Amino acid sequence: MDDASFWLGGLTAVTGGLMAVTRRNAVASVMWLVGAFLGMSVLFLGMDAGFIGVIQVLVYAGAIMVLFLFVIMLLKLTPAGLARVDRPKMTIAGILAAGALTAILCAVAVASPAWTRDGTDAAIRARTGTLVQGRTAAVADRLFSDHLLPFEITSVLLLAAIVGSVALTKRKV
Amino acid sequence: MPPVTTAHYVMLSAILMGVGLFGVVTRKNAVIVLMGLELMLNAANLAFVAFARHHGNLQGHVFTFIVIAVAAAEAAVALSIMIALYRLKGSITLDDAQELKG
């Protein structure tokens, strides 16, 4: 676990995420979210998950965010009259819900000696004998042997998504 | 500063999950609600990869790969629903789509 990449990537991801959900303009939100996803990619690279880190940039920051941008610009979403956080009454509820969820999960993480004491690089290496390297060949080896069925089902899901989006957006003739 | 452990990554994942939840609960613009959802999926991915490293195997990476594929499919379908909603209502404000509220 590389300390520098954790703090750099974590700060970028949290800042980008917070800005993305509070911007008035949807295009600005998308741009901040791209920044957050790049920060997540740095986090993945810091954990030696090279394949996931690259997929994160290609699929999330690239494909999905471009799709968001296309749709926002297609719909001519004018931010006219929208408050920064749209539902003032819900802001308290949102802060409470998000704060409670974060606090509970953080409390669990801090209270767990398995994750704090045994979670350092040295402890992981001593316990498992290795620090996993998520290179493409290694991930593909797992994917095409133990997890072949979920992988194939994912392809069916993607086909269903393609057919579904065409059917939903097609103009009725 | 203490060295970064698995707990740090779990806490960061929890914070990102909270930020995404805040966006989903408070926003009225459907596109930004969907962005909050994507952020929550990403927080789960981060926890998966951290646990993969913690337990010394690659199962978490495979899970993350499949979650990313599912997120792509979900984003495509959700955005086409928004286009259909926009054609029907002329906006994608969630308050305009309340017919099923009862």
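Colleague: Before we start, what does contact mean here?

Modeller: Happy to say, and keep in mind that this is a predicted model.

Colleague: Thanks! Which residues is A:Ala98 in contact with, leaving aside its neighbours within four places in sequence?

Modeller: Start with where A:Ala98 sits: in helix 4 of chain A, residues 88-111. From there, its contacts reach residues of chain B, namely B:Gly18, B:Leu21 and B:Phe22.

Colleague: Is A:Ala98 buried or exposed?

Modeller: The cut-off for buried is under 20% relative accessible area. A:Ala98 has a relative accessible area of 8%, so this residue is buried.

Colleague: Turning to chain B, how many helices are there?

Modeller: Read from the N terminus on, the elements of chain B run α-α-α. There are zero strands, and the number of helices is three.

Colleague: Is chain B a compact globule or more spread out?

Modeller: The C-alpha atoms of chain B fill a box of roughly 50 × 30 × 25 Å along the principal axes. For 102 residues the globule rule gives 13 Å, whereas the radius of gyration of chain B is 17 Å, well over that value, so chain B is more spread out than a compact globule.

Colleague: What percentage of the residues of chain B count as buried?

Modeller: The accessible surface of chain B comes to about 3,600 Å², and carbon and sulfur atoms hold 71% of that surface. As for the residues, chain B has 102, and the share that count as buried is 61%.

Conventions: Residues are numbered from 1 along each chain as its sequence is written. Chains are lettered from A and ligands numbered from 1 in the order in which they are written. This is a predicted model: local features need pLDDT of at least 70, side-chain atom pairs count only at pLDDT 80 or more; totals for chains, interfaces and linings use all residues. Side-chain values use heavy atoms; hydrogens and water are left out. Helices (H or I, at least four residues) and strands (E, at least two) are DSSP runs, numbered from the N terminus. The radius of gyration is taken over C-alpha atoms; the globule rule is 2.2 Å times the number of residues to the power 0.38. Buried means under 20% relative accessible area, exposed over 50%, partly exposed in between (1.4 Å probe, protein chains only). Accessible areas come from the Shrake-Rupley method with a 1.4 Å probe; for residues, only the protein chains shown count as cover. Contact means heavy atoms within 4.5 Å.
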